[in-house]
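The structure is shown first.

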Amino acid sequence: MARTPILDIDAMLADRHTRIVVCCGSGGVGKTTTAAALALRAAEQGRRVVVLTIDPARRLAQSLGLTELDNVPRPVTGLAADAAPGGSLDAMMLDMKRTFDEVVLAHSSADAAEQILANPFYQAVSSSFAGTQEYMAMEKLGQLRARADREGTWDLIVVDTPPSRSALDFLDAPKRLGSFLDGRFIRLIAAPAKMGGRAGLKFLNVGIGLVSKTLTTVLGGEMLRDVQTFVNALDTMFGGFRERADLTYALLKEGGTAFVVVAAPERDALREASYFVARLEQEGMPLAGVVVNRMQPAAAAGLSATRARAAAEQLQESGRTAAAATLTLHADVSELAARHHNLVRRFAAGHPRIAVVEVASLAQDVHDVDGLREVGRRLAG
């Protein structure tokens, strides 16, 4: 049986051709911690790194010793004393609403921007519309890469993708948001405002009057006017939305990008990882490999779980409860380690060409730079 290729994290980070690392995977598998640990390790190897997180739990700020993270990259201090010269680390967390506001301000006239920003429908869409977070993550990645190219600020961007229910919403969101804004429903409700004047009224009377009346009943007249105003104000800048999304999408397919799929040694998480791997291959995205977090290290060799459990029962019967508890714990750990190993082995058998690295679980949660540094060491095997 062929051995599973090992994901060489240090080689990936040391490769100066690698400009973007994207950590993706289902929720709750340690994407944020992995992204932060990769960024820290790269910085201590001499790379100039910015890490972008979209994790709403804000654990990254605490781990990096920052009081807060926001939409502006902030320098992280505390790199190791023996770190390679020239390295630096900045960290930021996506502010979805602020990023959308920045896009509006940058790509529309002052009057149009003021109209859009004050629009109640825009305020709702920019804060909570499905896919907006993922789309703005793409926008921010594009902005960071453009700034890095223009100013030489960073030579590596590490992205912690949004916690999505379905695989690769990060890649699909620009298309979905574009479909929404380009869709028949939006064009229909925008039509009255675009027609304008008597011609518009006549057009409504002939064709859309009944539909508009129905929409007014369903949405309310005021909300319908808000939507119409928003769509028409945004119409002048929407071409830029799609163009930038296409450019960022193309950027992700370049050789300078490395996707890292993060999983946990659980059946559902590895099933999601399989879907991510298949989808990345389908899209032609450069997959570096898979990180399996929180692996249970094997217990002491020489004593199987079965023998330990049998001995524990005998000790329990003789009243030696402390020793019995120790052997029971050994059996539990051994069985968990074996289950994790078997799950990863089955995943690897289904993806024989995909590089995998297993990361042993820590005794406690990561809460500082030292913890992230230890995760980085384990990622590097």
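What is the mean pLDDT of the protein chain? The mean is 80, and 76% of the residues reach 70 or more; pLDDT is the predictor's confidence in each residue, from 0 to 100. The model is predicted, and local features need pLDDT of at least 70, side-chain atom pairs count only at pLDDT 80 or more, and totals for chains, interfaces and linings use all residues. Residues are numbered from 1 along each chain as its sequence is written, and side-chain values use heavy atoms, with hydrogens and water left out.

**Confidence**

Confidence is highest in helix α1 (residues 9-14), at a mean of 97, and lowest in helix α10 (residues 197-219), at 43. Helices (H or I, at least four residues) and strands (E, at least two) are DSSP runs, numbered from the N terminus. Over residues 193-220 pLDDT stays under 50, and the model has 22 contacts beyond four places in sequence for them; a contact means heavy atoms within 4.5 Å. Where pLDDT is low, the predicted coordinates should not be read in detail.

In strand β5 (residues 156-160), 5 of 5 residues are buried, that is, under 20% relative accessible area, with exposed over 50% and partly exposed in between (1.4 Å probe, protein chains only). Leu 156, Val 158 and Asp 160 lie on one side of β5, and Ile 157 and Val 159 on the other. Two strands pair if DSSP finds at least two bridges between them. The pairings of β5 are as follows.

| Partner of β5 | Bridges and direction |
|---|---|
| β1 | 4 bridges, parallel |
| β2 (residues 48-53) | 5 bridges, parallel |

Ile 20 stands opposite Ile 157, while Leu 52 stands opposite Val 159.

Ile 20, in strand β1 (residues 20-24), has a relative accessible area of 0%. Beyond four places in sequence, its contacts include Leu 141, Leu 156, Ile 157 and Leu 251. The C-alpha atoms of Ile 20 and Leu 141 are separated by 9.1 Å, although the two residues are 121 apart along the chain.

Glu 139 belongs to helix α7 (residues 132-151) and is buried, at 7%.

**Lining composition**

The lining of the largest pocket comprises 8 nonpolar, 10 polar and 3 charged residues. Here Ala, Val, Leu, Ile, Met, Phe, Trp, Tyr, Cys and Pro count as nonpolar, Asp, Glu, Lys and Arg as charged, and the others, Gly among them, as polar.
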